[in-house]
Amino acid sequence: MMTDHRAQALSPDEMLVVDGVTVRLGGREVLHDVRFSIRPGEFVGLIGSNGAGKTTLLRVILGLLPTAAGQVRVAAAGIGYVPQKIQLDPDVPLRARDLVGLGLDGNRLGIPLPSRSRRKRVDEMLAAVDAAHLAGARVGELSGGEQQRILIAHALISRPGLLLLDEPLANLDIASEQEVVALLARIAREQNISVLISAHDMNPLLPVMDRIVYLAKGRAASGPTEDVVRTEVLSKLYGQHVDVIHVHGRVLVVAGRDDGLNLPEEPAIPAAR
Amino acid sequence: MNGVLAPVIEPGFFSSSPVHVALLVGGVVAVVSGIVGMFTVVRGQSYAGHALADLSVTGGSGSVLIGISPLWGFAGTSVAAAGIMDLIGVQRPRGRDLATGIVRGAGLGLAALLLYWDTTHTSTTGATITILFGSMFTIDPSVIGIVAAFSVAAVGIVAALYRPLLLSSVSSDLAIVRGVRPRLAGALCLIAIALATSLSALTIGAILSTALLVGPAAAALRLTARPGLVLAWSALIGLVATWLGILLAYDSYYWPPKGHGWPVSFFVVFLILIFYLLTQARRGRDARRPTAAAAEG
């Protein structure tokens with residue numbers, strides 16, 4: 001298909017438009033004709049198993065990877081980004097407040113002079129992610145959930161219109177997982193920021209997700225969760241039969257036997273979770 | 001004052017002009033190394049720093065052969081090596097150690113040849129010792145201008161890139177998204193490291209120069225989590241170690257057996273080790289009080 005690389009103005013009700021994006025890495029097509037858009041204040045889950053292309057898609061949106069076809073249009077308010085787990089050495093001399101401050105002016109040259117207004121803005125941002133008490137702690141000594149909140153504050157302090165998070169719930173315990181999801185939903189609502197969050201498990205996001213972008217084998221289906229997470233839609237996406245099973249308010253997507261019975265081969269309910 | 005300090009400071013310390021030069025050049029170099037050192041340690045480039053220091057031996061020994069100040073040779077080869085290491089992948093963690101090791105081996109091989117020629121083809125006695133282990137009391141005052149220029153360049157680079165370098169050390173993706181070019185910032189930082197190691201090669205010797213680069217910074221990182229204070233502590237620890245080392249070396253001339261002063265570099269490096277061990281002990285004590293880190297503020 002024809003690709004238009006000219007940046008087009010977005011309409012006011014669009015924060016992000018991913019328009020027919022195809023990505024090739026090392027000769028392999030990792031994403032194929034992915035298209036969806038996000039409106040201001042919308043909370044969108046980017047769901048797919050490991051290797052489905054979630055990180056690649058986020059990196060394309062950020063401009064860190066080129067597209068082979070299609071284009072990405074982002075509103076002028078810009079993007080905040082929380083990368084997948086960062087390994088921070090406990091010795092790195094950064095307190096939580098320093099890392100949040102770098103989100104404001106980390107690209108500037110010179111040593112920052114103490115500034116009351118900068119300090120106030122950092123304090124407010126830390127309070128907004130319920131991390132005021134962590135301001136003076138070394139980032140490398142914080143727990144996974146605490147680091148996640150500091151990175152969210154780092155990404156949000158420049159007041160972006162769109163927040164991208166790459167697997168922020170991975171490696172978190174269930175309590176921190178729920179905390180982070182509730183925090184993101186509140187921020188999206190209060191500050192009218194669009195959130196695009198990648199996860200391999202959609203369940204923690206179900207209560208807050210406005211829409212879903214489901215990735216499988218480099219292809220995407222997007223829309224309201226109940227329209228996308230259906231046996232017919234996902235089977236078409238995977239190119240093989242999968243079952244969508246609802247159990248106690250949770251959704252499970254399992255590879256089924258293609259014999260018309262739609263019975264899962266393995267017990268579908270993972271232990272404990 | 002002299003009366004009180006007489007047992008500590010031997011006669012003539014403050015009136016000796018080699019001591020003046022040593023205190024001035026050694027002090028400036030210690031501060032520069034301390035500041036650049038923080039970025040070396042935080043960015044995990046201590047090994048690259050070692051390699052640059054080793055390679056500066058090559059240039060230093062070449063300089064003696066053609067009769068110019070070793071500082072030119074130290075800086076020339078280590079900045080060139082920084083460029084080569086950057087080109088062949090010092091930015092990637094895995095490529096880094098390999099690239100560094102190969103360049104380092106070749107450089108030291110050449111240094112072995114040049115040092116041999118220094119001792120056989122020139123009248124410079126003790127060139128090998130001076131280049132490898134430094135000679136604070138024989139620094140030619142005419143290099144003060146070059147020392148100043150290199151110092152301003154090295155500190156200027158890391159001060160300008162203070163925030164971009166800190167952010168890149170957290171994550172290069174975060175840095176790119178913020179509009180930083182981590183590759184460029186990293187290359188410039190490597191040049192600052194090369195300049196700092198050549199300066200300390202002049203004072204405490206090429207082999208020992210990374211002790212001054214990495215040691216005070218590593219100690220300072222254990223004292224505080226505030227990046228600005230780490231710079232201040234690192235510079236201060238380097239400065240105190242250097243000045244105290246100069247004093248002890250001067251005094252050692254009067255220690256038995258009289259008339260044989262000990263090398264300054266020995267004292268400086270040993271004092272840095274003591275500072276490091278003291279901060280290590282302090283950190284160990286703090287670790288047993290879990291609330292200490294969170295309360296700092």
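This is a predicted model: local features need pLDDT of at least 70, side-chain atom pairs count only at pLDDT 80 or more; totals for chains, interfaces and linings use all residues.
How many residues of chain B are in contact with how many residues of chain A?

Residues are numbered from 1 along each chain as its sequence is written, and chains are lettered from A and ligands numbered from 1 in the order in which they are written.

**View 1. The side of chain B that touches chain A.** In this interface, 29 residues of chain B are in contact with 28 residues of chain A (contact: C-beta atoms, placed from the backbone, within 7 Å). At least two residues each are supplied by α7 (144–160), α8 (162–170), α9 (172–177), α12 (227–252) and α14 (291–295) of chain B (helices are DSSP runs of H or I with at least four residues, strands are runs of E with at least two, and both are numbered from the N terminus). The largest share, seven residues, comes from α8(B). By class, this side of chain B comprises 20 nonpolar, four polar and five charged residues (nonpolar: Ala, Val, Leu, Ile, Met, Phe, Trp, Tyr, Cys and Pro; charged: Asp, Glu, Lys and Arg; polar: the others, Gly among them).

**View 2. The packing of helices α4 and α10 of chain B.** Two packed helices are described by the angle between their axes and the distance between the axes. The axes of α4 (residues 70–87) and α10 (residues 182–204) of chain B come within 8 Å and cross at roughly 155° (axes are lines fitted to C-alpha atoms over the stretch in contact, with angles from 0 to 180 degrees between N-to-C directions). α4(B) is therefore roughly antiparallel to α10(B), a term for angles over 145 degrees. Residues making the contact include B:L71, B:F74 and B:M85 of α4(B) and B:L190, B:I191 and B:L202 of α10(B). The contact has 16 nonpolar, three polar and one charged residues.

**View 3. The fold of chain B.** Chain B contains 14 helices and zero strands. Buried residues make up 50% of its 297 residues (buried: 20 or more other C-beta atoms within 10 Å of the residue's own, all placed from the backbone). Of the contacts in chain B with a separation of 6 or more, 74% are between residues 24 or more positions apart.

**View 4. The two domains of chain A.** Chain A is divided into domain 1 (1–78 + 160–173 + 195–225) and domain 2 (230–273), with bounds from an automatic or database domain assignment. Eight residues of domain 1 are in contact with seven residues of domain 2. On the domain 1 side, β8 (211–216) and β9 (219–223) of chain A give two or more residues.

Methods
Two residues are in contact if their C-beta atoms, placed from the backbone, lie within 7 Å. Angles under 35 degrees count as roughly parallel, over 145 as roughly antiparallel, 65 to 115 as roughly perpendicular and the rest as oblique. A residue is buried if 20 or more other C-beta atoms lie within 10 Å of its own, exposed if 12 or fewer, and partly exposed in between; C-beta atoms are placed from the backbone.
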